[in-house]
Amino acid sequence: MSLALARKWRPKTFSELVGQDHVVNALTNAISQGRMHHAWLFTGTRGVGKTTLARIIAKALNCNALNGADPCGRCDSCLLIDQSRFVDVIELDAASNTQVDNMRELLETAAYKPTVGEYKIFIIDEVHMLSRSAFNAMLKTLEEPPEHVKFILATTDPQKVPVTVLSRCLQFNLKPIPVPIIKAQMAKILDDEKIEFDSQGIELLSRYARGSLRDGLSLLDQSIAQGDGQVQEESVKSMLGIVDDSLVRGLLEASLEQDGNLLVQMIDDIERMGASFSYVLDEMATLIQRLSLFALTTEGLDEDLIEGYQALVNQTDEEHLQLLYQIATVGKRDLPLAPNEKVGFTMVMLRMMAFLPAVESGGELVKKKSEGHQEPITKAKSIKTSSPKEDKKANVPGVIHTNEDWKKFVSERVATGMAKMLAENAEFRSFNEGVLSLSLDNEHKHLLEDRYKNKLQELIREHLSIQCRLEINAGVASDTLLADQVVESKNRLDQTTKDLEDDPFVKSLKSDLGGILVSESIRPSE
Ligand SMILES: [Zn+2]
């Protein structure tokens, strides 16, 4: 596909234009009855069809073989207008700097008769950005319009168009195009282009288009490119940085259960997925709002969702939800101020963790927190010096003679999949006479499958450039890469918990708590 879909599928006739029936009906009636106003103004957000409509009108006014109100698309006028080469149709983009200088002069040519067509037509996009002198030149013509001149104006910001101009135009408001219409158009285009797609994939794209078919089609272009010539939900999700609902629920649950380790792990996962933290925060706020509503009605929710929501609602109460909502929305607002999105997001989640509802189970929750935190953190501190992070940049040795060699090899050379899981949970034992021997904790012996082992062996051979054999025995393995990573993430949690204590937002919430909340149902968790 050499041509972008939005350009290739730009409607060329009224009947091809979707989602603006009310405007199209009014225009086609006027054209077929020969009642042509001398100036139209199309308003509406970007990508809803304003300039597309302008071009179709320009063709309809100059076409030699109208088909009802639709231009034929084959006569010289139609073809030349489609290629922007028709001398009597003058297209200006007031938002473009390159045309600023000659706009006034171009508008002054309105006085002259058209060269080849019946009408001289000015199409001016983003007309609110015209210079004062250009507006004046246009007004002169608008006040006493010659028969041969038509103005078709478009703007995303009609408030900024001078009243003197507005009052002389017939105004049409183009609406954002509804999701089902965008979706149907995408399906039609994909069918025609013989591109495979699934319904959920284009549903997501249609929602993200936010009422603009043009934006929707360029998203579609992207997703075809990234989905290897197909449009499937999974690849669309990863392109848009969408995470599953269940992940957002999991985050909230982890914070309600004061499980900081899980929280840090999940945040790492989101980062690895390449998802947008800002989007996740939006979803979080939406989830909290739904939970608040959940108390009032469960209508429209399916069984699984009701169960999941109930479990969350049991751990909180209405006022606590209000507070969490506030933390999520303020966090979203402040996200651009954070050093990076991940740091900002982690802070928001920790703020949520800092407050507990004082419901009956509250005492238990607080206890859970202190148990969960202190023990592993002190342990973590003592091992901190051997954190793998510091070694990470070091070169991977060309031999595997020690457990440290092994861990470096795994962290740098074993990238993905179950082979990685296996390797991360294994500890080095020995390397003798071409046999690399590892030990795997009994807890993880389900990973001991030939295909994972063979994959790992392949990677080791590649790295060492010798035909060694890999031997893995289930037993005890405690000094593994995974264990290091757990320690590392606990260290990070420790640090962020400290940061949280100094967080001005949490401080102010704590001090204002009495003011914000009517009752004392919520209290800081420390
Ligand atoms: Zn024609």
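Donors, as the word is used here, are N, O and S atoms within 2.8 Å of the metal. In this predicted model, the zinc ion is coordinated through the SG atoms of four cysteines, namely Cys-63, Cys-72, Cys-75 and Cys-78, at 2.2 to 2.3 Å. Along the chain, these donors of the zinc ion follow the spacing C-x8-C-x2-C-x2-C. The angles that the four donor atoms subtend around the zinc ion run from 102 to 118°, and the arrangement is therefore tetrahedral, since four donors are counted in this way if all angles lie between 85 and 135 degrees. For comparison, the ideal angle for four tetrahedral donors at a metal is 109.5 degrees. Of the coordinating residues, Cys-72 and Cys-75 are both buried.

The open spaces of the model are considered next. The second largest pocket has a volume of about 680 Å³, and among the 28 residues that line this pocket, those closest to its centre are Ala-6, Arg-10, Thr-51, Thr-52 and Arg-214. At least two lining residues are supplied by each of α1 (5-8), α3 (50-62) and α10 (213-226), with α3 giving the largest share, six residues. When the lining of the second largest pocket is sorted by class, twelve residues are nonpolar, eleven are charged and five are polar. Domain 1 (5-173) and domain 2 (179-240) each contribute at least three residues to the lining of this pocket.

The lining of the largest cavity consists of Asp-245, Val-248, Arg-249, Glu-283, Thr-286, Leu-287, Arg-290, Leu-305 and Tyr-309. Two or more of these residues come from each of the elements α12 (245-256), α14 (277-294) and α15 (303-313), and the largest share, four residues, belongs to α14. By class, the lining of the largest cavity holds four nonpolar and four charged residues, together with one polar residue.

Although His-401 and Arg-429 are 28 residues apart along the chain, their C-alpha atoms are separated by 9.0 Å.

Terms used
Residues are numbered from 1 along each chain as its sequence is written. This is a predicted model: local features need pLDDT of at least 70, side-chain atom pairs count only at pLDDT 80 or more; totals for chains, interfaces and linings use all residues. Side-chain values use heavy atoms; hydrogens and water are left out. On a 1 Å grid over the protein atoms alone, a cavity is a set of points where a 1.4 Å probe fits but cannot get out, and a pocket is an open set with protein on both sides within 12 Å along at least five of seven lines; lining residues have an atom within 4 Å of a point. Grid points are joined across faces, edges and corners, and a volume is the space filled by probe spheres set on the points. Ala, Val, Leu, Ile, Met, Phe, Trp, Tyr, Cys and Pro count as nonpolar, Asp, Glu, Lys and Arg as charged, and the others, Gly among them, as polar. Domain bounds come from an automatic or database domain assignment. Donors are N, O and S atoms within 2.8 Å of the metal (3.2 Å for Na, K and Ca); water is not among the atoms, so sites may look incomplete. Four donors count as tetrahedral if all angles lie between 85 and 135 degrees; four count as square planar and six as octahedral if opposite donors are over 155 degrees apart and all others between 65 and 115; anything else is irregular. Buried means under 20% relative accessible area, exposed over 50%, partly exposed in between (1.4 Å probe, protein chains only).
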